[in-house]
Amino acid sequence: MNPRPVWSDPPVLNIPLLKQLRAASDFVPLATLGAGAAADLDALAAFGFRIDRDPLLGAAYREPSPRLCPDQIEHELGTLRLGRRIAVWSRLGSTNDEAARGAGTLANDGLVVLAEEQTRGRGRRGRTFSAPPRSCVLMSVLLFPPAELAPLGADSIRGTVWLTALGAVAAAELVAAWTGRPARIKWPNDARVDGRKIAGVLVERAIRPGAAGTAVVLGIGLNVNPALDEFPPELRGTVTSLRALAGRTFDRSEVVRDLIRRLDHWYDRGLREGPNSLAPAWRDLSEHLGRRVRLTSPNGPLVGRLVDLDLERGPMLETDDGGRVGVSLGAVVSLEDISS
Ligand code: BTN
């Protein structure tokens, strides 16, 4: 049986009411919540929001729903290009595959696909990407970049590299904003804090018969609420989560809203000003800038200090003889830190 999108269930939730309750630190009298509030509170509670009710005191917001809430994500999202359509699935093989299924029509430009659980989540280079159910953000966005920005080859600068950097910047900025901890980008696609991975990005072309234009899927996995001991033992020493960093759990629907907005901001800016408008943020967030790296390209390995990162010119290394060598982004096979 096919999993069903959870958002197909009525009713539409009263999110302004939810926000009003959240903003109050304690009980709000029912009389001040307006007509129909009792039924709307029932609907919110049925969705999983924990709301205390008292016949005398009224209602008090206590906890977010453990489920991703599409109404909450969409409410006043305010984006220009991403999130016109948002689909939340309880379980999928991979959100990247589901988003790619939408490539047949340009009406799906900006489609956001989320899953509570993935059975075949994947990372770069054939790796798997797993996350405990209902604990993380597993999200893919379908985009139709204009022809001059669309990916030409498997790792062309114009498409996948730019969008991979864009996803990593958005994720790293979000982590810093929500935890107060500096997040950095490990080449090319991981957001990390103190060397521990918190988010990964997988950008793929959506190659489908009948695809309208060049479609790309930008997938992000962000560790939100797992405690460290909920990760597989072999990962515990190398990963982290918003919860592990901040010492509290987070409302994933709010995290998703913020992530969509950040992606939208950088994508829109890239379309208007060119992909290199991302470069200053990408550079600032890089783990490697100023450090000694080994860069591998089809011309062989190159060792030196990484002195610049640019989405037009690619990385620039200062080699041991003091010379500077630039490598085009599309030619970079790997870039690893060898300074420690
Ligand atoms: C990596 O670490 O190499 C990239 C991980 C990307 C994982 C996300 S989760 C949502 C989307 N769907 C997938 O199957 N992969 C990406």
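Predicted model: local features only at pLDDT ≥ 70, side-chain atom pairs only at ≥ 80, totals over all residues.
Residues are numbered from 1 along each chain as its sequence is written, and side-chain values use heavy atoms, leaving out hydrogens and water.

The protein is divided into domain 1 (6-63), domain 2 (70-284) and domain 3 (288-337), with bounds that come from an automatic or database domain assignment. Between the C-alpha centres of domain 1 and domain 2 there are 31 Å.

A nonpolar core is a set of buried (under 20% relative accessible area with a 1.4 Å probe, protein chains only) Ala, Val, Leu, Ile, Met, Phe, Trp, Tyr and Cys residues joined through side-chain atoms within 4.5 Å. The largest such core has 64 residues, and L114, M139 and L263 touch the most other members. Helix α5 (residues 157-179) supplies the largest share of this core, 12 residues. Domain 2 and domain 3 both give residues to the core, so it lies between them. Take L263 as an example: leaving aside residues up to four places away in sequence, L263 touches L82, M139, V141, L166, G167, A170, L218 and I220. A second, separate core of 17 residues includes L17, L21, L41 and F49.

Next, the open space. On a 1 Å grid over the protein atoms alone, a pocket is an open set of points with protein on both sides within 12 Å along at least five of seven lines, and a cavity is a set where a 1.4 Å probe fits but cannot get out; lining residues have an atom within 4 Å of a point. Of its 42 lining residues, R124, R127, N189, D190 and K197 are the closest to the centre. Strand β8 (196-205) is among the elements that give two or more residues to this lining, and β8 gives the most, with 6 residues. Domain 2 and domain 3 both contribute to the lining of the largest pocket, so this pocket too lies between them.

The largest cavity has a volume of about 40 Å³, and its lining consists of I185, W187, P188, W282, S286, H288 and L309.

How values were computed:
Helix = DSSP H or I, 4+ residues; strand = E, 2+ residues; numbered from the N terminus. Points joined across faces, edges and corners; volume = space filled by probe spheres on them. Buried < 20%, exposed > 50% of the residue type's maximum accessible area, 1.4 Å probe, protein only. Contact = heavy atoms within 4.5 Å.
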